[in-house]
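Please look at the sequence and the structure below.

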Amino acid sequence: MKLLGISGTIVGAKTAVLVKRILDEVQRRHPSVEVDLLDLSKYELQFCDGRKIGEYSKDTREAIEKVSQADFYLIGSPVFNSSFPAPLKNLIDLIPPEVFRNKVMGFAANGGTYQHYLMIENQLKPIAGYLRAYVAPSYVYAHTSHFNEQNEVFDKDIICRIENLADELVRMHQGVGSELTKI
């Protein structure tokens, strides 16, 4: 059972910190789950232009492979101008839609206003629906003030949400996701 966390930005550190914190919580609470982090800031992805996967660069092929091999997902995104960044959209476009079908997705986001959590509801969840993925009911939204000077999440409410999402992702995959991926 492989959970892939995706940090969907090439700038800043908070998104990767948040995704990693959730992955660590999954690992702590459910040691049998294999976790991996795809941090887009560590890859130079080419833009999706419709060519065959084998014609993309090594970094692009490696990212596609990581996503394709995962059993379920935790997708993290910063919120820029009330939306998610282009590198995350590009990654989604690069992946054949059938890769996501009947798999569980959970979301985490971070931003500078308390209303930015709506991006998850209004943009990421509909994309997951289009891809025929199953969405964890909970998500984590962390405001800039929920991180300390070392970029660690310290807010007790956010930590509780992290714990809840960690459990939800695994339970959903074990229940719904793992059975449906056999079909």
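Phe 47 touches Tyr 56 and Asn 90, leaving aside residues up to four places away in sequence; contact means heavy atoms within 4.5 Å. This is a predicted model, in which local features need pLDDT of at least 70 and side-chain atom pairs count only at pLDDT 80 or more, while totals for chains, interfaces and linings use all residues. Residues are numbered from 1 along each chain as its sequence is written, and side-chain values use heavy atoms, with hydrogens and water left out.

The place of Phe 47 is in the loop between β2 and α2. Helices (H or I, at least four residues) and strands (E, at least two) are DSSP runs, numbered from the N terminus. Phe 47 counts as exposed because its relative accessibility is 66%; exposed means over 50% relative accessible area, buried under 20%, and partly exposed in between, with a 1.4 Å probe and protein chains only. Between the C-alpha atoms of Phe 47 and Glu 98, which are 51 residues apart along the chain, there are 20 Å.

Phe 47 and Asn 90 also line the largest pocket, together with Ile 10, Leu 40, Tyr 43, Glu 44, Leu 45, Ala 86 and Pro 87. On a 1 Å grid over the protein atoms alone, a pocket is an open set of points with protein on both sides within 12 Å along at least five of seven lines, a cavity is a set of points where a 1.4 Å probe fits but cannot get out, and lining residues have an atom within 4 Å of a point. The volume of the largest pocket is about 160 Å³; grid points are joined across faces, edges and corners, and a volume is the space filled by probe spheres set on the points. Its lining has seven nonpolar, one polar and one charged residues, where Ala, Val, Leu, Ile, Met, Phe, Trp, Tyr, Cys and Pro count as nonpolar, Asp, Glu, Lys and Arg as charged, and the others, Gly among them, as polar.

Asn 90 is also one of the buried residues of α3, with Leu 88, Leu 91, Ile 92 and Leu 94. These buried residues pack against β1 (2-7), β2 (34-39), α2 (58-69), β3 and α4.

Leu 91 is among the residues with the most contacts inside the largest nonpolar core, which has 32 residues. A nonpolar core is a set of buried Ala, Val, Leu, Ile, Met, Phe, Trp, Tyr and Cys residues joined through side-chain atoms within 4.5 Å. The elements that give two or more residues to this core are β1, α2, β3, α3, β4 and α4. Apart from it lies another core, of 23 residues, including Phe 72 and Met 172.

Which residues line the largest cavity? They are Ile 75, Ile 92, Phe 100, Met 105, Phe 107, Leu 124, Ile 127, Ala 128 and Leu 131. Helix α4 gives the largest share of this lining, three residues. The space in the largest cavity is about 50 Å³.

Lys 125 lies in helix α4, and its side chain makes a polar contact of 3.1 Å with that of Glu 121. A polar contact is a pair of N or O atoms within 3.5 Å; within protein, one must be able to donate a hydrogen and the other to accept it, and residues adjacent in sequence count only if both atoms are side-chain atoms.
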